Amino acid sequence: MSTVQTKNKSNWLLNFLSSTIGRKLLMALTGTFLILFLLVHLIGNLQLLIPDDGKSFNEYAYFMGHNKFIQFVSIGNFFFIVLHIIVSIVLTLANQKARPVQYAYQAKDQKSSAASRQMMVLGSIILLFLIMHLAHFWAKSKFGGLTDIELTGGVKGHNLYAETVAVFKEWWIVAIYVVCMIGVAFHLLHGFQSAFQTFGLNHQKYTPLIKTVGLAFAILVPFLYALIPLLIFIQNQ
Ligand code: HEM
């Protein structure tokens, strides 16, 4: 392939990504990856509720922290979080610029701008939550501050279970988690809808089913996330 052809191709990609539809597609794709992360993270975290003094959870955390593939996915995860945030800001700024105030009829426009404003507010709350959450667990796990425990086969691993119990002993932290999970639920509710729209999902038979699954996910997943700190708090009173 000639240099001109390669340049044309990369120009096309750059043009596409800087178009509104390209950015919307990026939001939907990164959002879909983060939704999958939320599901896998929840399944792992539910092990905190197994009554075995944290054995299963600590073994799982050790595996997640030492498996090369998971470490690679984890880097991708942080990359997608940052990309999702950056593209959302760029899209909002572009929408503001493209929407002249002098339109006579704005009902539909106003509705969608209210929805995107709501998404930005919810997204910002989730970002603040994430900073607090990573400081509690991820940072201590990576940079020190956790006690060690002997795992199966005599291997030493972090006692992340003990840390989780210590964090969720504080009622106000539990309250923050519960409130933020309500935010996650609303963010997901709208996120699913706009991703469906962006992907152009329009099938007579399957679209209603996909929408129902999206709705169930947006309610059930944050509910289970909120249940974990609540139950740990109650168990440790
Ligand atoms: C009850 C709720 C939750 C618990 C108990 C929990 C627990 C944890 C723990 C223990 C870690 C550290 C893992 C390690 O580094 O070894 C972690 C990492 C993380 N959590 Fe959570 N989490 C919860 C909810 C959430 C939610 C709702 C989100 C997103 C909105 C989230 C996003 C993350 C991210 C992005 C990481 C870093 C993952 C990585 O290293 O790739 N967590 N969480």
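Ile 173 lies in helix H7; helices (H or I, at least four residues) and strands (E, at least two) are DSSP runs, numbered from the N terminus. With 16 C-beta neighbours inside 10 Å, Ile 173 counts as partly exposed. A residue is called buried if 20 or more other C-beta atoms lie within 10 Å of its own, exposed if 12 or fewer, and partly exposed in between, with C-beta atoms placed from the backbone. Leaving aside neighbours within four places in sequence, Ile 173 is in contact with Val 167 and Phe 168. Contact is taken as two C-beta atoms, placed from the backbone, lying within 7 Å.

This is a predicted model, in which local features need pLDDT of at least 70 and side-chain atom pairs count only at pLDDT 80 or more, while totals for chains, interfaces and linings use all residues. Residues are numbered from 1 along each chain as its sequence is written.

**Overall make-up**

The protein has eight helices and two strands. From the N terminus on, the order of elements is α-α-α-α-α-β-β-α-α-α. Buried residues make up 16% of the 237 residues. Of the contacts with a separation of 6 or more, 72% are between residues 24 or more positions apart.

**Nonpolar core**

A nonpolar core is a set of buried Ala, Val, Leu, Ile, Met, Phe, Trp, Tyr and Cys residues joined through C-beta atoms within 7 Å. The largest one holds 20 residues, and Phe 57, Cys 180, Met 181 and Val 184 touch the most other members. At least two residues of this core come from each of helix H3 (55-66), helix H5 (107-143), helix H6 (160-167), helix H7 (171-199) and helix H8 (206-235). H7 gives the most, with eight residues.

Val 184 is in contact with Ile 126 and Pro 222, again leaving aside its neighbours within four places in sequence. Pro 222 is placed in helix H8 and is buried, with 23 other C-beta atoms within 10 Å. Beyond four places in sequence, the contacts of Pro 222 are Met 181, Ile 182, Val 184 and Ala 185.

A residue is near a molecule if its C-beta atom, placed from the backbone, lies within 6 Å of it. There are 20 residues around the ligand, of which Ser 74, Phe 137, Trp 138, Ser 141 and Ile 228 come nearest. Two or more residues of the shell are given by each of helix H2 (20-45), H3, helix H4 (68-98), H5, H6 and H8. H5 gives the most, with six residues. The shell divides into 12 nonpolar, eight polar and no charged residues. Here Ala, Val, Leu, Ile, Met, Phe, Trp, Tyr, Cys and Pro count as nonpolar, Asp, Glu, Lys and Arg as charged, and the others, Gly among them, as polar.

**H2 against H8**

H2 and H8 pack at an angle of about 35 degrees, with their axes 10 Å apart. The axes are lines fitted to C-alpha atoms, for helices over the stretch in contact, and angles run from 0 to 180 degrees between N-to-C directions. The crossing of H2 and H8 is left-handed, that is, the near helix is turned anticlockwise from the far one by less than a right angle. From H2, Leu 38, Leu 39, Leu 42 and Asn 45 meet Val 221, Leu 224, Tyr 225 and Ile 228 of H8. Seven of the residues in this contact are nonpolar, one is polar and none is charged.

**Single residues**

Val 87 is found in helix H4 and counts as buried, with 20 C-beta neighbours inside 10 Å. Not counting residues up to four places away in sequence, Val 87 touches Arg 23, Leu 26 and Met 27.

Asn 159 lies in the loop between strand S2 (156-158) and H6. With 21 C-beta neighbours inside 10 Å, Asn 159 is buried. Outside four places in sequence, Asn 159 is in contact with Asn 58, Leu 146, Thr 147, Asp 148 and Ile 149.

Asp 53 is placed in the loop between H2 and H3. Asp 53 has a positive phi of about 55 degrees although it is not a glycine. Most residues other than glycine have a negative phi. Asp 53 counts as partly exposed, with 13 C-beta neighbours inside 10 Å.

| Pair | Distance along the chain | C-alpha separation |
|---|---|---|
| Ile 173 and Phe 233 | 60 residues | 9.9 Å |
| Pro 222 and Leu 188 | 34 residues | 9.2 Å |
| Val 87 and Leu 26 | 61 residues | 7.4 Å |
| Asn 159 and Leu 146 | 13 residues | 6.6 Å |
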